Each structure stands twice: as structure tokens, then as C-alpha cells.
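We will go from the whole chain to single side chains.

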Amino acid sequence: ANLAETHRPSTIQRRLASISTAHRAAGHESHTKSELVRSTLLGIKRTKGTAKRQVIPVRVRHIREGVELMRSDTKGIRDRAILLVGYAGALLRSEVVGLDVDDISFVEEGLVLTLRTSKTDHTSAGVKIAIQRGSRTDTCPVNAMRNWLQVSEISSGAVFRPVAKGGRIHDSRLTDQVVCQVLKQFARLVGLDDALVGGHSCRAGLITDAFSVGAAQAVIAKHSRHSSNSINDYLREATMFEQNVSGMVGL
């Protein structure tokens, strides 16, 4: 009940699950499913609601409009690669910053990324993501990645790193919070509300755009590493104006 003043019900639910797991691992009974706890959590959900916070997707139309407005210096070249590769790969921000040079392969068709660990890869088996060359030079994710690696002269270790004033590149790995800042900065360039743009906006944008052009759900889920059920929210978003009865009745 105290957490409910500052946290969403989903956060409280995850913490209860962690408490329950810790108790069972230690051989103790967990009281997280007791009537007192269950009724308290239900009351919190009824009071605060359970709707998920959804970020605004960065769509391909935004990228085409705004990519030339981005900075052209070293930091801008890095940010362009983050934006385009993150979008084309439907990457989580943790996956973007987790990339190493050894995880990248340039092939005739485009680019292959190897994700060693991922939020969607629960057994850390690793997964390969294929990114095709773009039809436009300015929005091609393969060109953007190649340009960043050439300008930065990074040949091993983390791909994306902090860039200091003057273009000096640090040795440390970029944090996922910086990826979020990059997307918010891009949002301001194209007139989106940056408060509603987050680290998942590129991922959400690609999935929404893919549904809009008629890509099969199984094909999209394979690329984004979603289960078939969890991707349905994007389908509803992308198709909500298709066969919409409010437009059929002759208003």
C-alpha cells in the first residue's frame, strides 16, 4: 500500500513475485498469495488502474523527415547509427548498447547482428538479427553503422560509446539512458512530444510500420523476438483505422 503512492501496480506485482521466489528458494512458505496481500493489490489496481504506459513509436515517416536535421559531427553520426539500427533491428535499448564489434557482420545483403543476451532471450542462447540495406542512402541502417565505425575507428569492444566535446570518443560503453536521450532529442526535431518518447520507441515504430505495410504477424514476431500474444497490442495500434465503423456510417 505504501508503494502504491509512488509506483505502478505492475511494479508492485513484480516485487511480490521476487519476494515469493526468494522465500521458496530459502525453503520458506511465501505469504504473497494470502488473502490480505491479494485483496490489497486488487484494491490498488482498482484505484490506480492497470493500463500500461505506452511510448510514442518513432515511425519511418519521422525518420525520413528528421534524419537530415540531425547533427553531422561525430556525435551526430553515432546518434544516426543508434536511431537507424535500433529501428531496423527492433532493438531494445539494452540491446543497442550491448553490441560489440564482434557482434556485427557486414554481408552482401546488409548487416547481421548477434545479440548475445537480451530481455527476450531468457536462456541467453543468443540470436541473430538480419538488417537489409535501405533503399535510401540517408536512411540506410547499414550505411549508418559503417559510417560510425569508420569515423570512430572502433575496431573492438563496445560499438556505441560516449562522445565528448571536440569529438573525442571514450573507451567506456554507452549507457541505455543515453539511447533514450538520443531518441528524445530526435523526437524534438520532428515535433513529437519527447516526454512520451522512450528507449522502446524505435522498436515500437518498426513493428507498427511492419503491420501497416501488411507484413505477416509471424514474420514480425520473428524479427522482434516477440511472442505471438505480446505483439497484438502493436497490431491493434497499426490497424485501428482499418475497417473502422466510425468511418463507415456516413458522418
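Predicted model: local features only at pLDDT ≥ 70, side-chain atom pairs only at ≥ 80, totals over all residues.

Residues are numbered from 1 along each chain as its sequence is written, and side-chain values use heavy atoms, with hydrogens and water left out.

**The whole chain**

Start with the cartoon: the protein chain has 10 helices and three strands, taken as DSSP runs (H or I, at least four residues, for helices; E, at least two, for strands) and numbered from the N terminus. Follow the chain along its sequence and you will read α-α-α-α-α-β-β-β-α-α-α-α-α. The C-alpha trace spans about 60 × 60 × 35 Å along its principal axes. Of the 251 residues, 40% count as buried (under 20% relative accessible area, with a 1.4 Å probe and protein chains only).

**The largest core**

Next, select Leu83, Leu113, Met145, Trp148, Val159 and Phe160: these have the most contacts inside the largest nonpolar core, which has 45 residues. Such a core is a set of buried Ala, Val, Leu, Ile, Met, Phe, Trp, Tyr and Cys residues joined through side-chain atoms within 4.5 Å. Colour the elements that each supply at least two of its residues, including helix 4 (74–88), strand 2 (110–115) and helix 7 (176–189). Helix 4 gives the most, with seven residues.

Now centre on Leu113. Which residues does Leu113 touch, not counting those up to four places away in sequence? Among them are Val85, Leu91, Asp103, Val127 and Ile131, where contact means heavy atoms within 4.5 Å.

**Helix 8**

Move on to residues 201–212, which form helix 8; its 12 residues reach 16 Å from first C-alpha to last, close to the 16 Å expected at 1.5 Å times one less than the number of residues. Is helix 8 enclosed or open? It is largely enclosed by the rest of the structure, because 11 of its 12 residues are buried.

**A charge over a ring**

Finally, select Arg146 and Phe106. The charged end of Arg146 sits over the ring of Phe106, 4.1 Å from the ring centre; the criterion is NZ of Lys or CZ of Arg within 6 Å of that centre and within 35 degrees of the ring normal.

Definitions and conventions:
Buried < 20%, exposed > 50% of the residue type's maximum accessible area, 1.4 Å probe, protein only.
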